[in-house]
Amino acid sequence: MSNAGNGSRRYAHICGWGTSVPKRILSNSELAQMVDTDDKWIVERTGISQRFIANAEETTATLGADAAREALDIANISPDDLDLIIVATCTPEHHFPSTASIIQDALGARNAGAFDISAACTGFVYALSIASQAIQAATMNTVLVIGAETLSKIVNWDDRGTCVLFGDGAGAFVLQGSYDPGGVRTSVLRSDGSGRDLLKVPAGGSAIPASYDTIRDNLHCIQMNGREVFRFATRVMADACRDVVSAAGLTMEDIDVIVPHQANKRIIEAAARGLRLPIDKFIVNLDRYGNTSAASIPIALCEAVSEGRVRPNDNLVLVAFGGGLTWGASLVTWDVTPQPPLTGLRRFRRQALYRVARMRSAVRRGARAIEGTIWGSQAPDGMEPPRRDRT
Ligand code: COA
């Protein structure tokens with residue numbers, strides 16, 4: 001990106017993008033053998049025909065890291081150049097450490113900070129907003145934003161009201177600062193916590209810690225009031241689009257493409273009607289992916305770019321809603337300068353970098369284990385371990 005702009009204002013430009021999905025596809029007819037449903041009902045009520053389902057080795061971090069590698073390749077940016085990694089997810093690898101830290105290690109991004117954000121299906125829009133503001137404030141220059149989910153691992157496979165909806169996958173974008181106007185122009189973020197019970201995973205946090213009872217009662221799985229979420233979604237999608245367009249000083253006529261959260265085709269159609277826009281302005285790929293929560297917008301946008309549905313200098317609205325309740329939208333001008341693809345030696349070097357990162361991580365963990373064995377019984381200077389015989 002050039003730094004020879006027309007003023008001192010900085011802009012956050014998208015310069016790389018990538019996706020990753022699990023190998024296994026679960027079709028509606030396979031689902032119909034598991035719960036009392038059928039392909040016709042699912043297609044008519046949701047628009048979904050199939051979804052990708054992770055196996056035991058495919059996790060939120062592995063999918064996120066694969067998407068990130070693709071995005072870094074397209075941007076032609078080395079992991080060492082990353083200042084920050086933000087992962088939007090509601091299916092993190094663990095409560096902590098963050099999924100972002102695990103991906104930072106997998107990429108060998110030695111100069112990057114890393115954290116996760118939790119805003120359910122609106123997470124990618126929240127993360128994009130945080131990343132672009134860090135770049136605009138010049139505290140960061142290159143930020144990796146990932147939406148990654150393995151919802152199949154928290155779905156109640158006996159609940160036909162939810163298990164037909166969700167799928168797994170990841171999408172990643174690299175953002176970089178420049179003085180050239182464009183890129184992520186503005187975002188609106190909203191929340192209404194009074195609707196927190198409409199879509200949630202009740203147990204496993206501080207309100208209801210994990211216990212035998214919570215596992216028996218399926219309280220670690222998604223619970224949803226589908227009709228209420230549907231009503232909320234159809235209302236806020238159009239509102240968020242209008243708000244972000246006006247915050248950017250544009251009108252709806254200036255918008256070329258809308259990339260909505262891929263939850264239900266009927267919700268997207270209702271938003272199109274509410275905004276009086278033709279449905280072909282909306283990217284819809286939920287038929288093949290289902291609802292991948294925070295990953296759905298980056299996956300849909302990547303696919304739209306590869307299919308040529310997003311053209312240079314198009315104005316895009318990315319709009320999402322989800323648990324919290326949360327909703328929000330970002331306005332992006334697609335002014336990407338394509339980089340030459342990584343070929344031959346450079347691709348080989350990049351693969352070697354990732355192998356070195358894996359080895360470095362293994363060596364560090366090994367060294368830490370040895371250090372622990374040697375120093376384990378001794379407290380660091382000035383710190384005495386608590387004695388059990390004290391009262
Ligand atoms: N297969 C067959 N029948 C099903 C079913 C399934 N998978 N799931 C529910 N049904 C049944 C219900 O039991 C109900 O039967 P009843 O009338 O005998 O009680 C009937 O279908 C209608 O249920 P209803 O909940 O009114 O259906 P709906 O048209 O609202 O569609 C959703 C259900 C879940 C598809 C829809 O409410 C929805 O998409 N909500 C938003 C969900 C969402 O986007 N969540 C993620 C937000 S990020």
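Of the 21 residues around the ligand, Thr37, Cys121, Gly226, Phe230 and Ala263 come nearest; a residue is near if its C-beta atom, placed from the backbone, lies within 6 Å. The elements giving two or more residues to this shell are α2, α6 and α8. α8 gives the most, five residues.

| Element | Residues |
|---|---|
| α2 | 39-46 |
| α6 | 160-163 |
| α8 | 226-247 |

This is a predicted model: local features need pLDDT of at least 70, side-chain atom pairs count only at pLDDT 80 or more, and totals for chains, interfaces and linings use all residues. Residues are numbered from 1 along each chain as its sequence is written.

Helices are DSSP runs (H or I, at least four residues), as are strands (E, at least two), numbered from the N terminus. The chain has twelve helices and 13 strands.

α8 has 22 residues and should span 32 Å at 1.5 Å a residue; its end C-alpha atoms are 31 Å apart, which agrees. The expected span is 1.5 Å times one less than the number of residues. Buried residues of α8 include Val229, Phe232, Ala233 and Val236. Buried means 20 or more other C-beta atoms within 10 Å of the residue's own. Gly249 follows α8, with a positive phi near 75°.

Of the 391 residues of the chain, 47% count as buried. Leaving aside neighbours within four places, Ala131 is in contact with Ala12, Leu84, Ile86, Val143, Val145 and Leu175. Contact means C-beta atoms, placed from the backbone, within 7 Å.

Terms used
A residue is buried if 20 or more other C-beta atoms lie within 10 Å of its own, exposed if 12 or fewer, and partly exposed in between; C-beta atoms are placed from the backbone. Two residues are in contact if their C-beta atoms, placed from the backbone, lie within 7 Å.
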